[in-house]
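Subject: Structure handover

Hello,

Here is the structure we talked about passing on. My notes on it come after the display.

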Amino acid sequence: MILIAQPHTGLPSVEKRLRPSAMNRQPLDRRSSSDAATEQHPLLFIQPSPPPYVLPTSSTDRSRAARKPKTPRDVCRAACGIVVAFLVGLSGALICIWLYWDGFVEVVGRKKGSFNKPPVPDLALGQILSCDMRWFLASKNGLPSHEVPDDGETPRDDIEIGSAKQDNGQAELVINYGDIPSTQLEDDDDDFGIHRGSGAYYAATMHFDLPSLNFTDDEGTVLDSLFLAASGEAASGVIRIATKEQNETTTDTRIQVDVVSRFWNMEVITLHTRVCAMRRGRELGLAFVGRKNLGDPRQILWLDVTITIPVRPGQSLDMDHLISDVPSFKLLMGLEDKVRFRSARLHSGDAPVILNSLTATDVDIQTFNFPIKGAVTARKSAKIVTKNSPIEIDITTDGGEFHDPSVIAVETANNRLDAVVRLASNKPRGLNVQTTTSNGPLNVTIPHAAWGTHLSYKGSTSNADGNIELPSTFAGTINLDGSKYSSLITSWSEDPTHHGYKAKMKAPSLHLYQVWYESQYELELSHVQLRTVNAAAQGMILGDNAWRPPKDGPLP
């Protein structure tokens with residue numbers, strides 16, 4: 001019998017656990033016989049005592065303890081990431097510059113390889129007659145030049161109709177020659193806000209003559225239209241179209257064009273903007289060609305363009321079209337009914353339109369952010385549109401047939417609208433008037449219409465009152481829809497129709513009024529609808545002393 005000495009632990013449970021048994025006599029690992037023999041020794045079954053108790057530490061301390069110091073490899077890896085991110089950003093910037101190279105070089109003021117080349121007119125603008133008219137430097141630092149021609153005459157370039165002309169490059173600049181009229185150097189208009197050419201260092205003039213309107217070329221084509229076009233952003237200013245009555249002995253009927261420019265450096269007038277005489281089919285006109293994406297306002301050429309159309313004494317000139325698409329140019333029309341167009345389309349933007357007088361069968365005038373003011377004669381239709389600015393317009397029309405009335409549309413937003421629509425006929429005619437605005441008062445007056453006229457009016461506004469004044473001969477229904485209140489005021493005479501009839505009126509429902517003279521079938525003649533939100537809708541029927549056309553018959 002063999003006895004094996006075992007240590008005494010003092011704990012019965014531990015001693016019992018340490019006694020050899022059938023299970024713990026088996027080796028834990030059978031990889032070798034020596035290991036198996038060692039594992040069968042009872043002393044190996046003694047387990048170590050537990051570690052001493054240690055106070056728990058916070059998560060921050062554990063993270064700091066677990067944090068390893070940075071190795072050179074980690075530093076190198078971070079530096080490589082920064083370099084890669086920088087290269088990616090630089091590549092994106094270079095791609096953007098490549099895509100928008102023209103605008104970028106204009107901002108920095110240099111264009112590698114093509115800086116000395118002026119802009120070329122787009123083929124869509126038409127055929128080039130000339131882009132090489134001479135500029136005459138007239139003042140420097142706001143002071144006129146002292147060298148004036150002895151004969152006092154301004155040199156002019158003559159533009160001729162011919163085959164397509166090769167573009168020679170850029171306009172010629174003649175130094176110290178000529179002078180600018182003082183009236184064109186003054187800031188004489190408040191409608192344009194701050195004068196865009198004020199403070200310019202240089203000033204120059206250009207003078208040339210276009211062929212006469214109604215000119216017939218060698219192919220038998222009659223040039224009976226006038227157009228104005230602009231491309232790019234390098235020019236703005238004022239365009240004036242006026243007439244000049246000639247003597248009976250004068251045979252020169254060419255169109256005179258006089259340009260006064262203001263600019264800050266010589267590159268602007270020679271490289272950034274060009275004034276070109278163009279032809280487009282039967283249309284003769286001007287094009288202002290400039291660069292795009294200008295970043296510096298000192299690169300913009302400010303122009304004051306005056307177009308003078310000669311007319312015979314006591315005669316009028318009948319033309320086909322007047323087309324203007326010149327953003328950033330203020331338009332001033334002063335034709336005094338001596339030039340009449342079949343259609344007039346004047347489109348501008350960020351500039352006002354002032355109509356001293358304009359006569360056409362169809363009129364289309366549009367701009368935005370600036371007002372439209374003045375008087376226009378539209379035989380058949382008129383469309384007057386702007387945004388965020390007021391409209392003050394006086395429109396005279398001949399009216400139309402009952403089934404094909406004249407259409408007058410006036411529209412703005414966020415401002416007031418004042419319109420007078422005159423029906424220049426003493427016979428019953430058809431007239432359709434539409435006016436729309438918002439956040440501004442609406443005032444419309446139709447002072448005259450013959451008894452029996454078919455009048456249709458529809459107007460709306462919001463957050464301001466709406467007012468409509470109707471002729472004394474009005475017969476039909478009036479719907480005044482105001483969220484606050486509505487009212488109708490009458491100022492009839494005894495017999496506004498001059499046919500022995502007195503006016504009759506009733507209000508069958510709220511906001512609705514009916515007016516007739518002879519019989520109630522007249523209620524179907526005219527319809528008026530005025531609607532406003534958060535304000536009052538008011539109507540008035542004028543007395544017999546309102547405006548009337550001077551004589552019967554169509555407009556001249």
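This is a predicted model: local features need pLDDT of at least 70, side-chain atom pairs count only at pLDDT 80 or more; totals for chains, interfaces and linings use all residues.

Salt bridges

The count for the structure is 15 salt bridges.

D132 pairs with R274, and their closest N and O atoms are 3.5 Å apart. D132 and R274 are both buried.

A salt bridge also joins the side chains of D304 and R240, at 3.0 Å from N to O. Here two strands are involved: D304 belongs to strand 14 (residues 301–311) and R240 to strand 10 (residues 235–245), so parts 64 residues apart in sequence are tied together. D304 has a relative accessibility of 1% and therefore counts as buried.

E245 and K338 form a further salt bridge, with 3.5 Å between the closest N and O atoms. This pair links distant parts of the chain, 93 residues apart: E245 is in strand 10, and K338 is in the loop between strand 16 (329–334) and strand 17 (339–347). Are these two residues buried or partly exposed? E245 counts as partly exposed because its relative accessibility is 45%. K338, at 22%, is also partly exposed, since buried means under 20%.

As for the network, salt bridges link D224, R282, D320 and R342.

A loop residue

T437 is found in the loop between strand 24 (430–436) and strand 25 (442–445). With a relative accessibility of 5%, T437 counts as buried. A polar atom of the T437 side chain lies 2.7 Å from the backbone oxygen of N415. What is T437 in contact with, leaving aside its neighbours within four places in sequence? The residues in contact with T437 are T412, A413, N414, N415, L417, L442, S460, T461 and S462.

Aromatic rings

The whole structure contains 1 aromatic pair. The pair is F288 with F329: the ring centres are 5.1 Å apart and the planes are at 25°, so the rings are stacked. F288 is in strand 13 (residues 283–290) and F329 in strand 16, which makes this a link between distant parts of the chain, 41 residues apart. F288 is buried, with a relative accessible area of 1%, and F329 counts as buried at 1% relative accessibility.

Charged side chains sit over rings as well. The charged end of R280 is over the ring of F227, 3.9 Å from its centre. R262 lies over the face of W302, and the distance to the ring centre is 5.3 Å.

Strand pairing

Strand 17 pairs with strand 15 and with strand 19. Strand 15 (residues 317–325) and strand 17 run parallel and are joined by 8 bridges. In this pairing, D318 stands opposite R340 of strand 17. Strand 17 also pairs in the parallel sense with strand 19 (residues 359–366), over 7 bridges. The bridge partner of L346 in strand 19 is I365.

Regards

Key:
Residues are numbered from 1 along each chain as its sequence is written. Side-chain values use heavy atoms; hydrogens and water are left out. A salt bridge is a side-chain nitrogen of Lys or Arg within 4 Å of a carboxyl oxygen of Asp or Glu. Buried means under 20% relative accessible area, exposed over 50%, partly exposed in between (1.4 Å probe, protein chains only). Helices (H or I, at least four residues) and strands (E, at least two) are DSSP runs, numbered from the N terminus. A polar contact is a pair of N or O atoms within 3.5 Å; within protein, one must be able to donate a hydrogen and the other to accept it, and residues adjacent in sequence count only if both atoms are side-chain atoms. Contact means heavy atoms within 4.5 Å. Rings of Phe, Tyr and Trp (its six-membered ring) pair if their centres lie within 6.5 Å; planes under 30 degrees apart count as stacked, over 60 as edge-to-face and the rest as tilted. A charge sits over a ring if NZ of Lys or CZ of Arg is within 6 Å of the ring centre and within 35 degrees of the ring normal. Two strands pair if DSSP finds at least two bridges between them.
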